[in-house]
Number of protein chains: 4
Amino acid sequence: MFDEIFVPAETRDAVSDRAWLDAMLAAERALAVAEARAGLIPEQAAEAIAAACRAGEFDPAELGEDGRGPGNPVEPLVRALRAAVQGDAADYVHWGATSQDILDTAAMLVARDVTELILGRLARVAGECAALAESHRDTPMAARTLLQQAVPTTFGLKAAGWLVGLLDARRGLARAREALPAQLGSAAGTLAPLGDAGVEVSRLFAAELGLAEPLLPWHTNRVRIAELGSALAITAGAAGKIGLDLALLAQTEVGEVAEAPGGISSTMPQKRNPVGSTLAVACARQAAAQASVLIAALPQEHERAVGSWHSEWPALSGALAYTDGAADAVGRALDGLQVNAERMRANLELSGGAVMAEQASFVLAQELGRQEAQERVAQSLATGEGLATDLDPGSYLGSAGTFVDRALEAYRSELR
Amino acid sequence: MFDEIFVPAETRDAVSDRAWLDAMLAAERALAVAEARAGLIPEQAAEAIAAACRAGEFDPAELGEDGRGPGNPVEPLVRALRAAVQGDAADYVHWGATSQDILDTAAMLVARDVTELILGRLARVAGECAALAESHRDTPMAARTLLQQAVPTTFGLKAAGWLVGLLDARRGLARAREALPAQLGSAAGTLAPLGDAGVEVSRLFAAELGLAEPLLPWHTNRVRIAELGSALAITAGAAGKIGLDLALLAQTEVGEVAEAPGGISSTMPQKRNPVGSTLAVACARQAAAQASVLIAALPQEHERAVGSWHSEWPALSGALAYTDGAADAVGRALDGLQVNAERMRANLELSGGAVMAEQASFVLAQELGRQEAQERVAQSLATGEGLATDLDPGSYLGSAGTFVDRALEAYRSELR
Amino acid sequence: MFDEIFVPAETRDAVSDRAWLDAMLAAERALAVAEARAGLIPEQAAEAIAAACRAGEFDPAELGEDGRGPGNPVEPLVRALRAAVQGDAADYVHWGATSQDILDTAAMLVARDVTELILGRLARVAGECAALAESHRDTPMAARTLLQQAVPTTFGLKAAGWLVGLLDARRGLARAREALPAQLGSAAGTLAPLGDAGVEVSRLFAAELGLAEPLLPWHTNRVRIAELGSALAITAGAAGKIGLDLALLAQTEVGEVAEAPGGISSTMPQKRNPVGSTLAVACARQAAAQASVLIAALPQEHERAVGSWHSEWPALSGALAYTDGAADAVGRALDGLQVNAERMRANLELSGGAVMAEQASFVLAQELGRQEAQERVAQSLATGEGLATDLDPGSYLGSAGTFVDRALEAYRSELR
Amino acid sequence: MFDEIFVPAETRDAVSDRAWLDAMLAAERALAVAEARAGLIPEQAAEAIAAACRAGEFDPAELGEDGRGPGNPVEPLVRALRAAVQGDAADYVHWGATSQDILDTAAMLVARDVTELILGRLARVAGECAALAESHRDTPMAARTLLQQAVPTTFGLKAAGWLVGLLDARRGLARAREALPAQLGSAAGTLAPLGDAGVEVSRLFAAELGLAEPLLPWHTNRVRIAELGSALAITAGAAGKIGLDLALLAQTEVGEVAEAPGGISSTMPQKRNPVGSTLAVACARQAAAQASVLIAALPQEHERAVGSWHSEWPALSGALAYTDGAADAVGRALDGLQVNAERMRANLELSGGAVMAEQASFVLAQELGRQEAQERVAQSLATGEGLATDLDPGSYLGSAGTFVDRALEAYRSELR
């Protein structure tokens, strides 16, 4: 029920028990294929195993129940797979592997699929930001620091800032995705059961799955996982920043943007709730917590950890799902966003020109020196007489336009 | 698949979408009942609503999908409920309430049910610790500080320490459970739609549900939720402490305990994996992360938050589920635990009596003064000649027995 | 530099190295006193030790440097103390204790002192909230859900909500403070070096320091510490909630409150930065992180942990300091807060009466039924024709006044 | 006192108030220099300002106290700097900049310096791991999964795993360091006070400081900061992993390594406490918490945040300090580490050959098939008759040696 609210359907599927199971089977299959290719197991056995893996007649919930004893779902899966394969080939199921090989590899496959979804979604959200930055390149609005109107900026620059944040985060996530390694180490990272063929099988295994071949088995070197988790949480946080800004801009008293209708209350029809923005913030908070589990799990005991490894499974699924949830939610918020440029202009005038105080100071300072100019301006504002000079916010935008152009150029060169 | 491994079936049910839905329906029903009792809505309407709530013909996944627009599952539920009620009574569904009233109240009902499961389980786990403390009250073993053998202690005292940790944590959780409040405030905490009857309805509503009546609506005062989250994480951590100790004691080189068979590896049959202990540690890590979401969510905007409220829903479910998972896992580890008192004794002698160095120092100090005594002992150990005195670990246990008795007394007075 | 900004001077002192050192010396002194009283060490020795402890001629930075070897500052302190005591009495310094006994007890003393400061400050902040709740009991303002104006509320009710949050949090903190226990267990919790006098010395030691006597030594039962950490983070979060609301109310476009002058920008004199509010939010975030360290530290190895114990020291200091920082900052924000009731009223009218839509619906529903009434109201708002009925926000406040009275009564009975 | 224990002196200095102050002055100086170069301010003014900045006659604690009002230390610093500069040049101090420009840029300078220390230290620690990997390339020891002896591995492979973890983490940290950007945006990111020269000044400013020039001002795009924080926590975690393994290997009952003397207890001279390992674990826990603050701070309001920005200051200092603390501590643990290869061998034999069960299964499987072979082995172990085959752990190391060689090659190509 909550998952449906937070996470897109496609992504829910991609982190589901079923997706993990498929990924575990893909790992078992790739293992058999690689071992056959290396001449370690009969080719027929590999074919039989691959066929059984494809069949996919396994029930994840049951594997979970049966996994309570050994503490992971791979042992029951291997038993079930052997039963499905039958005959001599059954002996070659999971040949020389350890449960963690399969589960870690599966995790990488799941992560690869979901990060692809996220990267695609981020590209679309970035596109929405870019469109706003472009069309509002010169739309003046109040910049707000500590939630106080400070000086003029443009809505284009604000959107460009969102865009750059997303691009920065996306780059980190893409890098983490590239590095996702296959895992194959046997019980303790030596690949002893594979004899002399260990390194070769390891290479073939990774190639078969399209994952990176690691330097060494990484059963308790979790740097890659923690990096992935961080990149996810950072991505979700970058989306959350946009959501927070949108919710603030959508406030009744500010009214500069509104999400496309959707979150309308029956008893309070005047409300246009910033639902996408809200969910983006919520997802960012969850993603951060899941990433914290992954970072905390770095110190793992010896060759397989007592609990911190296990804590990663739901944390990784959660970080993936909520990050995509954040991207999706903020995408929904931006899609069809109503931007009220008139209200932006009106808000700039709310303070009787006070938002132009900085510029007035700088103008006056050329005659009077900085200090006297500042005092003069402060006094004008304090007495409510307004600023003597009649300044236009549109004339005090500095490099805003150039910055927008830079952001758009970066966007185009990276994502188009 | 992972949920099955980490969380007992009963608890999975108790935090499931279905359980949340039932709890939301219970809240809607109680609201109607309370309002009828207060004369605010017709009694027949309340009956019709209650009947529709009992029917429970709603699909949580669908409510979740429909909840993406408004950002919560209550709005679609209310629509569906009105459709189910039909006629004039439909108008009185959800009368004067806001979505958060229903969802917060549902959260408290879910929390109440799951914490009851946890408290029960903790009592059983405490019983297991108590039994160990009692039967091993005088079983000497090495105490270890920074994982180095330090001085003798007893396995009874170790188990008593676990027991007291559980009792401490359980007390906090029971207190948090007692405080779980109903939520009823209407859109903004004033109960304006209920006219003069607000406070009365609020009282009746809480009474109907058996929840505490809060001083005020607490839409954005989340102290109770954060306290509950902390109490859960602390409980899980107290269980994790036991798991960690057990896994350390079960090490091949230590061998002082072994979990009852279960986690046996097919290729390495000598291994007796401390699976329960491991899962307890994993669950504690997850519960801590979920609690961190709840604590971070304390600062909520105005009368309803932009995201931090929403982030609580999965966090609360997660904290509840993983805490019970931790309790269950450590209970499984303790249940049928094999305690090897001989190995404990043998380990004490591993160091050629070095573990008695402190006592030797104290004995010698009576003749030689502290400093010289310590030097003499250090020298004996350094030269490998052993300690001159022939000391028995069983003679250097101080107040261990008394402490065990104290812990057992506390256990008996609290839980039996 | 940052500490000065975040943490009041008195509190900085109370968590300083010097304060920890004083507390460690207090623990050593109380140990000697208790042991003398129990007849375990000569009274003269206790007097000599107590005198040396009072003298306090020790340099915390140096103890820190010397503590790198043993991994804690107690070992060098004991050496230095023995040197200061001289003679036979030197042998009785730290008699039978372990470093953790002293450091944990010192932590409890530091915590007791700082929590007293915090409780006092919370009482004052609560007083400020109470004063606002009382004087603005009937001042209407817009309630905002998801940052959208929803229905009317009162500023009094908002302040009452803050007040109740603080009272709730304060109660938890006071309870955690009451429970702060002395620590005395010797190397491994058996008090073996104290022979038969262990339990008696333990009692006298706690009494001498005015700390709770624990059931058992709690070297690796960290429930109390985690509870304290949580209570601190929750308190800081309750303060952060107020800060967040104030910053939102102080927005240029909202303008309903302003902090007393202080944060004025030289180039932008129109800005009245909500600095206290901002710092409260910042402190709450830090306190939460420190508490997360304490909760994560619950699973500690055997009789002394490998690192998680050590991670508590700065975390506890940090949680204490930032929690007081949050309370102090929000106190500064509230002290001299300018409340603009006219602006509150004006903001209510911003939407052309839309904020009264809910009431209009309820009024019309009596004639037309709920559904038609809602449609009529929605239509009126959509066409911009305004609501037919001329409703006064002050007439739709439900139980707001009663709730304020309840909060004030709770405040008075608890804190006056 | 605690800082001295956790953090090397050089690093304490590098994150001290004084270091931050120096960095803020460097930023003010570079700003004046860049603006003079761009023809925006008189060259003499820039010289006078640079001279005043070099002088450095400012007291950070005082700036902190004075910073309570504005909520940051830059405003008082600018005032003090203007007073120090005197004359017309004073007007050009901080010309066109905002407090956050200076403080963010200072943060990047501090981060650059400390990360350089950390990278250097990591290279040394990696060197220690490499030396161990090389000299123990073929030293057999038991691999342990879930803390149970599983199969043989080598100490060389274990050290190679540590090495690769460090290299992985170090690469991420170096990348984050490369990306550290200067901050210059004026009040709201438009650089309006700099007129047409904004972009040019921005470029010169970054160049002057040797920091990266950002695409846009990044006042509320905190992705770089969060990435830095994550990279730090991950580095600390990789160090913590080594510390944890060392502490486990150093256990009395395992005795395979011992840290060089240092942590010796006076009353228990047999203890060789793994102090460096312990502190590494403690530091990793703290660094993770600080990073969590930085990740949680990603969603920042509009053009300057209400608190989350402020929360970053101590978090960044803390993450830097504790990460270096972790690296330093584990370096101390490894430096002079006593490796007991005989004990490793002896431990392998502890189980009467059980650790060879996997190999025995594989050998027998060639005759009997997998299933029967496994049953035969399990039976042999169960009956205590031992394994029929006389297997040597040294003969079942698979690709361990090759993996060690790979790790060493990576180390050499990256760090030598």
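1. Two residues are in contact when they have heavy atoms within 4.5 Å of each other. In this predicted model, C:Trp162 has such contacts, apart from its neighbours within four places in sequence, with C:Cys129, C:Leu132, C:Phe155, C:Lys241, C:Ile242, C:Asp245, C:Leu246, C:Leu249 and C:Leu334. The residue also stands out in the largest nonpolar core, which holds 597 residues. Within that core, A:Trp162, B:Trp162, C:Trp162 and D:Trp162 are the residues with the most contacts.

2. The relation between chain A and chain D is as follows. Chain A is superposed on chain D by a rotation of 180° with 0.0 Å of shift along the axis, at an RMSD of 0.0 Å. The two copies are therefore related as by a two-fold rotation axis. The same surface serves both of them, since 100% of the contact residues of chain A recur in chain D.

3. Strands S1 (residues 140-145) and S2 of chain A pair in the antiparallel sense over five bridges. One of the pairings joins A:Ala142 to its bridge partner A:Pro152 in S2(A). The two strands form a hairpin with two residues between them, and A:Leu146 in the turn has a positive phi of about 50°. As for S2 of chain A (residues 148-154), seven of its seven residues are buried, so the strand is largely enclosed by the rest of the structure.

4. Over all chains, the count of salt bridges comes to 104. One of them is formed by C:Glu213 and B:Arg406, whose closest N and O atoms are 3.2 Å apart. This pair crosses between chains: C:Glu213 belongs to the loop between helix H9 (198-209) and helix H10 (223-249) of chain C, while B:Arg406 belongs to helix H16 (residues 400-415) of chain B. C:Glu213 counts as partly exposed, because its relative accessibility is 32%, which falls between the limits of 20% and 50%.

5. A salt bridge within chain C joins the side chains of C:Arg412 and C:Glu134, at 3.1 Å from N to O. The pair links distant parts of the chain, with C:Arg412 in helix H16 (residues 400-415) and C:Glu134 in helix H7 (residues 99-135), 278 residues apart. C:Arg412 is partly exposed at 32% relative accessibility, and C:Glu134 is likewise partly exposed, with a relative accessible area of 43%.

6. In chain D, the salt bridge between D:Lys241 and D:Asp245 has its closest N and O atoms 2.8 Å apart. The two residues lie four residues apart in helix H10 (residues 223-249) of chain D, so they are separated by about one helical turn. Both D:Lys241 and D:Asp245 are buried.

7. Salt bridges also occur as a network, in which A:Arg68, B:Arg121, B:Asp324, B:Asp328 and B:Arg332 are linked.

8. Where does B:Arg222 lie, and is B:Arg222 buried or exposed? The residue is placed in the loop between helix H9 (198-209) and helix H10 (223-249) of chain B. Its relative accessibility is 2%, so B:Arg222 counts as buried. The side chain of B:Arg222 reaches the backbone oxygen of B:Trp218 at 3.4 Å. Leaving aside neighbours within four places in sequence, B:Arg222 is in contact with B:Gln100, B:Asp104, B:Gln183, B:Ala297, B:Leu298, B:Gln300, B:Trp309 and B:Glu312.

Technical notes: Residues are numbered from 1 along each chain as its sequence is written. Chains are lettered from A and ligands numbered from 1 in the order in which they are written. This is a predicted model: local features need pLDDT of at least 70, side-chain atom pairs count only at pLDDT 80 or more; totals for chains, interfaces and linings use all residues. Side-chain values use heavy atoms; hydrogens and water are left out. Copies are superposed by least squares on the C-alpha atoms of residues with pLDDT of at least 70 in both. Buried means under 20% relative accessible area, exposed over 50%, partly exposed in between (1.4 Å probe, protein chains only). Two strands pair if DSSP finds at least two bridges between them. A salt bridge is a side-chain nitrogen of Lys or Arg within 4 Å of a carboxyl oxygen of Asp or Glu. A polar contact is a pair of N or O atoms within 3.5 Å; within protein, one must be able to donate a hydrogen and the other to accept it, and residues adjacent in sequence count only if both atoms are side-chain atoms. A nonpolar core is a set of buried Ala, Val, Leu, Ile, Met, Phe, Trp, Tyr and Cys residues joined through side-chain atoms within 4.5 Å.
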